[in-house]
Structures are given as structure tokens and as C-alpha cells.
Amino acid sequence: MATRSWWGWGTVDEAVTGTERTALTSRVAALLPEADLTVHEPPDPRSLSVPAPRVLVPDSLARLASDELGDRIRHGHGQAFRDVVRSLLGRVDYVPDQVIRPRTEQDVIDVLDWCTSARVAAVPFGGGTSVVGGVELGCAPDYSGTIALDLGHMDRILELDRTSRAARIQAGILGPALEAELRPHELTLRHFPQSFEFSTLGGWLATRAGGHYATVYTHIDDMVESMNVVTPVGISASLRVPASGAGPSPDRLFLGSEGALGVITDAWVRLQDRPRWRAGASVVFDDYGNAVAATRTIAQSGLFPTNCRLLDPVEAFINAATNTAGGVLVLGFESADHPVDQPMHRAVQICLDHGGRVPDGIRTTDSADTGTHTGAADAWRTSFLRMPYQRDALAAQSMIVETFETACTWDRFDALRAAVLAAATAAFESIGVAGVVTCRFTHVYPDGPAPYFGIYAAGRWGQTVEQWDEIKTAVSEALHTCGATITHHHAVGRDHRPWYDRQRPEPFAAALQAAKSTLDPAGILNPGVLIDPSK
């Protein structure tokens, strides 16, 4: 079994080394020649100063608990840039006192009962891939102890309804295991966030994760039939139906609640037949405005492509190895029921009408195998899968490498992009670093895109967290000022709280506070995300 990195993304054997690191360093040096790209190695976790556990679990829960140092350290942070850099610097600031791994729903109930009575903060933990401070335990001083509630042992498909194409699945199952269990039934959830390999169904639900589809099925919300959620005051088990008009949806209360209102233990989710027909193409543009217009036209055409990712010229150069003045649109269609040649050709024609070119042509397949990418699309897909590992490598070389994702209406996109570029550039100048900003669309809707901005800047070792915080604040203010959401699919966590608090309506904030007080009266569930516990 591959060894997970304690400080960074993924597994140790997949880390960027050798020729890949040399090539990556060369590209960055060409882009930012003044960058100091000295490699800094992570410390031995055994050398870190970590306080002894402040609280012991009762004997009835001891079989589920671990206070092993490495276990505690790995459960004390997520996978954001600032998490990675702090770990590289040996700053493991939020280590839980205990890691508890329930095996049944009753175990979860028992753990929450103990936490409530003992005033122990409990942070539900899936794959630990949060990039917004969603699993940090900075609340520790206000509680007698803290635990990470790791759902990893609750990882089975409990029921499968082939007729309705749905399954009841436990929250702790990882993406690859979920798909492996569905494959013999020729079914798939088709939810593939970038964190797919290391994230869980429960994490996707708790953060309203965005996945594979660029249109229609963009969020995990769209795939939920019903959910079981354990709260400190009881179990919320919603009715499993395809749709209901019976008042506000119970599931909507817990989708995106980030473990602050309850612990999702399992859910019925909608499945699909595995795709057979696929078509893909990379469209190159000489003018970015025309590329955006083409993308908007496709989004409003009713064609609903599976993939519709527009890479701006800088993104296309860095991550698709393509030189173009207007960017690259990565297009894809798929179906389990019928060939997709017709919608693919129509989408390509729209691009041609807007000045696009398809230098590698259209590639189609007729099988259950993946792999419809070619040319720039293939290069970008490969880079996409390696991005987290490369981010870690660059973070160890004093680079600031992080992202912002948001959503806005089409009429506001041009102003938003200009404001983000201006804010980031001003922040670069303020902290005295050289940097670039990239943009791609991860999802598109008839009424607007979900832009995903990348930051690449040459930082100063030992200061890159603080430098990043200044950049993040500047760009987050630009998003808020331009009427864009503070997050499209990365959740709120603790990092986005200042802007989330300003984005949400006050009556809703009051209702959320009331829900928190009712469902978690002791305020022990993931304190600090979404809403503060009542004092």
C-alpha cells in the first residue's frame, strides 16, 4: 500500500522528483527568472514539537482511538498551499488530541455523546483534502480537548438499486474504491474532483464539491437522493425519493454544512450507466474575447458538453504547453446511450464561427474505456492530475502557487477578470515579488462561468504563507466587490469566513445560527466553519 505524505499531497512515491522536477524548475525559471528555486526538504515529523494529548477517550471508545504522533499530525491540517508550507517549516499548529475512527453509525452517536458531555471539539474528517482550512483545530483553547473524527472505516456500499440507478453508500469511501465497486454493475457516480483519489463521498457532500461535468451535473448536490446525518441531538434521515416539494429540503440543510451541523454517515446517490461514446477536441483561439464568446454560446446552446474548459493564454502555456494569443477550449461529450458526434460537431462549428481552430481534429471513441483527449487537451489533462504534486514541489522552492475559484454572471466576467488581475498585480508589488495570474473555466452555466484563477509568484522562503495571505485578501476583496461568490466548489472552511459572512444574507445567517444552536447545542462540531458556536 502506498505511503501517504504527512506534509503534502498524495503519496510519497508520486512526489515530483528527477527529470520531472528539473523540467518544472526550468519552466518556472524561464517564466520568473528572479525566483530563488532552492529546494527545502520537509522535517522529520518525529522532530516536531507536539503537545501531549490533553484528553483521553473513555474505555468504551478506546478501541476506535489513536494518539500516535504521526496519525495526529496528519489529521491536523488540510492540503492548501498554506498547510503545505507550514508543514515544511515544521509549524504543525493544529494537532488533534485524538484520532477516532468509528466503524458504525452507533459509534458516531457514542462519540458525539461523549464529546458533548466532555466539551471536546470534534472535526469530521474524510480524506483531509480541504484547501480552505476546513479541518483545522484552532478552536482548541476553548475546549477541554479536540478530536479528528475519521470516517475512513465506514467505506462500504450498503445497498444498490440497479432499477432506479442508485446506491446507498457510506460516507468514508474514497473515490477510487467507490468506482471500483460500481464497475461490475456497469454503473458510475461520474463525480471526479481533482481530489478524487484521496477524498471521500462524505467530504464531497459536506463541502458541496464540484466534479467532472462542466455542465448540468456540476456539483455533488445534483446526485443526492437522501442522506443520513448524525447530530448531537438525533439522527436526520431524509426520505429517499427522486424529488419532493414538501417544504425546504432536509438534505439542503446538511449539504455544504462542512461538519458544523452533523456528521454525514451515508447517502443514497444517483448513478449513471458507464459512458460508451465519447468525443473530444481542443480548439485554439487567437483572441481571448472570441474564445469567451464561443464558450458562452456553447453554454447557452443546450448542447451540455461534459467538458468545456477554457484555458486563457497563460494557463494554456503553463499547463497545456500551447502558445496561443487567445487560449484553448477543451471540449468533450460522452453518453452511455448514443453516439455524440452530432453535438460535438455543432459545438466545434460554434467555435469556428468565433474564429477558433481545431488543429488536431475531433477524436471519437466507442467503448467503456476513458481517454478521449488529444493534443493540448491531453497535455492539460496530464498536467491537471499532476498539479497538486507540482504545487508541493514548487512550495518547497519558495514559490507561491495557489488558486482562487469563483462564479459570476457572463455580463460581469470581463470586469471580474480585470479586477482580479489588478488586485493580484498590486499585491505582488506590495510584497515585492514577481508573479503571474492564470485563468480557466472549470464549469460553465447558461448564465455564467466558474473562473478558476491560478497564482504563480516567486516568494521568499519563510515568508510565503504571509505573502500568500496578502495576495488572497486582495483578490478575495476583488471577488466580493465584483459580485462574484467567494467560492464555487472549494467550500468555506475558515479561510473564506470573512467574505462568506459578508456574502450571505443576514436573515439566513440568523437561521443558520439557530440551526447550529439547535442541532449542536454544546457547539462541539467543527467550531469556526460557516458559523460560530453560541457563546
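Modeller: Buried means under 20% relative accessible area. Keep that cut-off in mind, and remember that this model is predicted.

Colleague: Is A491 buried or exposed?

Modeller: Start with the place: A491 is found in the loop between helix 13 and helix 14. Its relative accessibility is 8%. The cut-off is under 20%. A491 therefore counts as buried.

Colleague: What is the phi of A491?

Modeller: A491 is not a glycine. Even so, its phi is positive. The value is about 75°.

Colleague: Where is N526, and is it buried or exposed?

Modeller: N526 is found in the segment after helix 15, which spans 506-519. N526 is not a glycine either, yet it has a positive phi of about 35°. Its relative accessible area is 2%, so N526 is buried.

Colleague: Which residue follows helix 9?

Modeller: Helix 9 covers residues 313-320. The residue that follows has a positive phi, near 55°. That residue is A321.

Colleague: How many of the eight residues of helix 9 are buried?

Modeller: The buried residues are P313, E315, A316, I318, N319 and A320. Helix 9 is therefore largely enclosed by the rest of the structure. Out of eight residues, the buried number is six.

Colleague: Are helix 3 and helix 13 roughly parallel or antiparallel?

Modeller: Helix 3 is residues 81-88 and helix 13 is residues 464-481. Their axes are 9 Å apart, and the angle is about 165°. Angles over 145 degrees count as roughly antiparallel. The two helices are therefore roughly antiparallel.

Colleague: Is the crossing of helix 3 and helix 13 left-handed or right-handed?

Modeller: Look at how helix 3 passes helix 13. The crossing is left-handed.

Colleague: Which residues of helix 13 meet helix 3?

Modeller: Helix 3 brings F81, R82, V85 and R86. By class, the residues of this contact divide into four nonpolar, one polar and three charged. On the helix 13 side, the residues are T464, V465, W468 and D469.

Colleague: How many aromatic pairs does a search of the whole structure find?

Modeller: The search covers the whole structure. One of the pairs is F196 with W204. The count is eight.

Colleague: Is the pair of F196 and W204 stacked or tilted?

Modeller: Both F196 and W204 are buried. Their ring centres are 6.4 Å apart. Planes under 30 degrees apart count as stacked. Here the planes are at 20°, so the pair is stacked.

Colleague: And is the pair of F404 and W468 stacked or tilted?

Modeller: The centres of these rings are 5.1 Å apart. Stacked needs planes under 30 degrees apart, and edge-to-face needs over 60. The planes are at 40°, so the pair is tilted.

Colleague: How many residues apart in sequence are the parts tied by F404 and W468?

Modeller: F404 lies in strand 16, residues 399-405. W468 lies in helix 13. F404 is buried at 5% relative accessibility, and W468 is buried at 2%. The pair ties together parts whose separation in residues is 64.

Colleague: How far apart in space are I486 and E405, C-alpha to C-alpha?

Modeller: I486 lies in the loop between helix 13 and helix 14. At 5% relative accessibility, I486 counts as buried. I486 and E405 are in contact. They are 81 residues apart in sequence, but in space the distance is 7.6 Å.

Colleague: At what angle do helix 8 and helix 10 pack?

Modeller: Helix 8 is residues 288-299 and helix 10 is residues 341-353. The crossing is right-handed. The axes are 9 Å apart, at an angle of about 150°.

Colleague: How many charged residues does the contact of helix 8 with helix 10 have?

Modeller: Helix 8 gives A294, T297 and I298, and helix 10 gives A347, I350 and C351. Five of these residues are nonpolar and one is polar.

Colleague: Is A177 buried or partly exposed?

Modeller: The place of A177 is in helix 5, residues 175-182. Buried needs under 20%. A177 has 35% relative accessibility, so it counts as partly exposed.

Note on methods. Residues are numbered from 1 along each chain as its sequence is written. This is a predicted model: local features need pLDDT of at least 70, side-chain atom pairs count only at pLDDT 80 or more; totals for chains, interfaces and linings use all residues. Side-chain values use heavy atoms; hydrogens and water are left out. Axes are lines fitted to C-alpha atoms, for helices over the stretch in contact, and angles run from 0 to 180 degrees between N-to-C directions. Helices (H or I, at least four residues) and strands (E, at least two) are DSSP runs, numbered from the N terminus. Angles under 35 degrees count as roughly parallel, over 145 as roughly antiparallel, 65 to 115 as roughly perpendicular and the rest as oblique. A crossing is left-handed if the near helix is turned anticlockwise from the far one by less than a right angle, and right-handed if clockwise. Contact means heavy atoms within 4.5 Å. Ala, Val, Leu, Ile, Met, Phe, Trp, Tyr, Cys and Pro count as nonpolar, Asp, Glu, Lys and Arg as charged, and the others, Gly among them, as polar. Rings of Phe, Tyr and Trp (its six-membered ring) pair if their centres lie within 6.5 Å; planes under 30 degrees apart count as stacked, over 60 as edge-to-face and the rest as tilted. Buried means under 20% relative accessible area, exposed over 50%, partly exposed in between (1.4 Å probe, protein chains only). Lists of a residue's contacts leave out its neighbours within four places in sequence.
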